[in-house]
Structures are given as C-alpha cells and as structure tokens.
Amino acid sequence: MSYLDDAVVRYNKSLETGPFRDLSWAEALHRRMEEGGLSAGGRLICPFLRPNFVSRRQYDSLVRSAEALLGAIGRMEQMVLTNPVLLARLELLPAEKMLASIDPGYPSLQVAARLDSHVRNGHLHFVQYNADLPTGAGYSDALADLFYDAPPIKELRKRYTLTRVGGRKHFLQALLKAYKQFGGTKKPNMAIVEFRPVFHSGESEYTLVRDYFRDEGYAVEIASPEQLEYRNGVLRKGAFEIDLVYRRLGVHEFLIRFDLSHPLVQAYRDRAVCVVNSFRSELAHKKAMFGLLTDETLVAKFPAAERKAIREHVPWTRLVSASKTTYDERTIDLADFITRNRQRLTLKPNDDYSDQHTYLGWEMDDTAWERALKQAMRTPYVVQEKVDPVRSLFPLMSFGILEFRELQVDVRPHAYLGKVQGCSSWLSSGS
C-alpha cells in the first residue's frame, strides 16, 4: 500500500470506527459550506466528507507535465493562427473564426486555463483542455480552507504533512498582467461576465472570486451579457464603466444567443476593453486541438520536453472524417480503424457546449457503435483513445448516516499565464 493509500484508509477508518463516528463535526462542516456560499440550488457543491488527496510526487509531476503541455498548446495556437489548413482542422464556426482573427491586445492566449487529467500512481493522462470557460478554482480554494480545519483533517495532520494549493492571488495577478500588456495604465474596473438566469437562485462560483477581488481593493461587478451597453467608446453595466472583462461565456454558447453586433464584441473589436480569456482561446478549446498535438508531423520541431509531455500524457486523438491518418507510426483508414477498435475508443463532440452525446465504445455493441460513427461523420466529432478513469472511496453523510461511495476522480490543474497554480478535483459516478 502506498503512502497516499494509507492516508486515505486511515482517514476513512477514523470516520467509520474511530473518534469521528459522531457526525456532528460533519453537520458543522456542511453549515459552514452553506454560510460560505458553497452551494447551488439548495445543494452543497461538495457533500463528501474528505478532500481528494494527491501526493507531493504526483503533484510535482502534474505541474511539470501540465506546464510542458501548455507550452505546446500555445505553440500550436500560434501555428494555427498563421496556417489556414491547420485552422480548418479545428472545425470552427465562421463566427468563431472571425472572433479568433481579432488581436486581443495582449500576447498570451492562456491567461487562465484548466487541464482535466487522470492521475494514477505513476501514470498521468490529460483528456481535455479548457481555456474558454475554466471553472473550479474559486470553489476549490474555499473548500480546501474549510477541510483543512475540519477535526478529522486536523487529526490526520499529526501524522502526515498536508498542504493546501490555491490560486486566487495568481488568478488576479494574471488578469492584471494581461491588462497591463493590453495598455491599461490605471486601476481597472472589472466585470465578470456570465450567463445568469433571470430568476437565478443562489450564487455562482464567481461570487466568491468577485468578493476576493473586492477584498484586494478592486471594483468588480458580475454581469450578464444582456446587461452590457457600449456607447461613446466605453463598455458599461448601468453606470459602472468596465476596463477589464473576465469572460465566463463559452464562445459557442454565446453565439447561439447573440450575434457579432453584441456590445461585448464591439468593445473587444475596438480595443475599448481588455477581455480575458480572449476569444482566441476557442482555438484550443476545440477537442480537435489534441488531434493536432498528437500528429507527430506537426510537433516534430517542438522542444523535447513538450513532445515528451504529448507522447506520454495525451491520448491519441483525431477529428473524425473519411480520411487517412497515422496511428502508432503507421498509416490507417480512420473510419475503418474506428469501426474495428470500438473497445478502446470514444467519440466526443468537438465542442463541449453542443448538444451532442459522447459515445464510449466499450459500453456499446457493434451496431450502436456504427450508428454513432455515422453521426460523428456528419457533425464535428473527435475519436480519442480510451483512458482508464481513476476511482477512489469517498465518505458522505446521507440523512445523518455515514456512507461510502466509489467515485471517479478527475484532477484538474489550474494554470495562469502558463504556470500551474493549484488544482481542483471533480468527483462523479463515471462510466
């Protein structure tokens, strides 16, 4: 049993048969979550009774590999911007291409980003990149603070060295650096722009971020796109003039609701406001970006560390089409390869914000897989090699009773200007 596994077993036993069987501490923890805004629609963001533990060795490896991969993604983005053939391989909508053609006024396309990964012992795989709408950093910082002082964690800290990793201050610093590069010279008024239903109950994660930024001395408002106006060269929410926007709007979702005459787009085009992340982040948000990265002919001249990160940690990915491509250094007919290798492949929509389904080949029969492939040939999809998920046992309190559930664990490092500064963990029933 590894050192990490031993810590998990010891922690779980302390709740089941040890000094923390009385769950009054858990009730108090849940109250603190509610009071701290860590709930949505009456449901706790984290109903589980322990945080996800990652060993120091795993975290250091995650940081090194993620930063190398981020370097490769940034390099590929620059190639795509100057190469129409590569741009076409990302399958952007015409409006997405237009937005990507606009210079945001600062050099980095990855001011704030998140990678989704599976971490198992010495193995690490990145399965998705998100710079278009990265989430989790605000909640994870607040949850880490609460758990760190919870009685069972305090007891565990007597035996193990536990460290919280957080990124709120790095997030703020990255926004301010992008604004300075944009040409901003004054203390900026900031707006966090996100879709908010008219009868919205509860707060979003970015209420916590707003409050932190305000505590640091900045004027910050949360706005929905319907509340924005652009007149006389100034973007506004009511009387609040905006210098810097943190964009919490997925480009695909935004374009479903609005056209390119929206005030945010007009102000962005006129360089009247600094928008982070820029609309160019959509280039790497498309899952087809991993198809470019795992095409060895395109990355042959990338730095060795970046090529190593891709080779060891990024699953083989291709945009689905009736074409020839390469797999394991041999030429294949892609459609035939997908048909014959159902058990180790998955079909995913090229954009997360579409209403298309993900198809897991190992959960389907041949007939259903063929139907899925036909769908993928009509609508932008990628095929990706299977990555085995990581599962772990987590305690939770259900109606005052302790339960344990085995859940899939995704570890998601958060990066600011290409540097990893903390991570969040996401639990799900998985497949």
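Q: Which residue in the turn between strand 7 and strand 8 has a positive phi?
A: Keep in mind that this is a predicted model. Strand 7 (residues 228-231) and strand 8 (residues 234-237) pair in the antiparallel sense over four bridges. They form a hairpin with two residues between them. In that turn, the residue with a positive phi, about 55°, is Asn232.

Q: What is the bridge partner of Tyr230 in strand 8?
A: Strand 7 covers residues 228-231 and pairs with strand 8, residues 234-237. Look across to strand 8, and the bridge partner of Tyr230 is Leu235.

Q: Which residue takes a positive phi in the hairpin of strand 8 and strand 9?
A: Strand 8 also pairs with strand 9 (residues 240-242), running antiparallel over three bridges. Arg236 stands opposite Glu241 of strand 9 here. This hairpin has two residues between the strands, and the one with a positive phi near 60° is Gly238.

Q: What is the strand order of the open sheet of four strands?
A: Let's start at the edges: strand 6 (220-223) and strand 11 (274-276) each pair on one side only. Strand 11 pairs with strand 10 (residues 244-248) in the parallel sense over three bridges, and Leu244 stands opposite Cys274 there. Neighbouring strands are turned by 20° against each other on average, direction ignored. The pairing is parallel, and the order is 6-5-10-11.

Q: At roughly what angle do the axes of helix 8 and helix 9 cross?
A: Helix 8 lies across strand 5 (190-194), strand 10 and strand 11, while helix 9 lies across strand 5, strand 6 and strand 10. The axes of the two helices come within 11 Å. Angles of 65 to 115 degrees count as roughly perpendicular, and helix 8 and helix 9 are therefore roughly perpendicular to each other. Their axes cross at roughly 75°.

Q: How many residues in the contact of helix 8 with helix 9 are nonpolar?
A: Helix 8 brings Arg168, Lys169, Phe171, Leu172 and Leu175, and helix 9 brings Tyr206, Val209, Tyr212 and Phe213. Two of the contact residues are charged and none is polar. The number of nonpolar ones is seven.

Q: What area do domain 1 and domain 2 bury between them?
A: The domain assignment gives domain 1 (12-286 + 391-428) and domain 2 (316-385), and their centres are 29 Å apart, taken over C-alpha atoms. In the contact, 14 residues of domain 1 meet nine residues of domain 2. Of the buried area, 47% is on carbon and sulfur atoms, and the total is about 920 Å².

Key
Residues are numbered from 1 along each chain as its sequence is written. This is a predicted model: local features need pLDDT of at least 70, side-chain atom pairs count only at pLDDT 80 or more; totals for chains, interfaces and linings use all residues. Side-chain values use heavy atoms; hydrogens and water are left out. Axes are lines fitted to C-alpha atoms, for helices over the stretch in contact, and angles run from 0 to 180 degrees between N-to-C directions. Angles under 35 degrees count as roughly parallel, over 145 as roughly antiparallel, 65 to 115 as roughly perpendicular and the rest as oblique. Contact means heavy atoms within 4.5 Å. Ala, Val, Leu, Ile, Met, Phe, Trp, Tyr, Cys and Pro count as nonpolar, Asp, Glu, Lys and Arg as charged, and the others, Gly among them, as polar. Two strands pair if DSSP finds at least two bridges between them. Domain bounds come from an automatic or database domain assignment. Buried area is the accessible area (1.4 Å probe) that two parts lose on being put together, summed over both.
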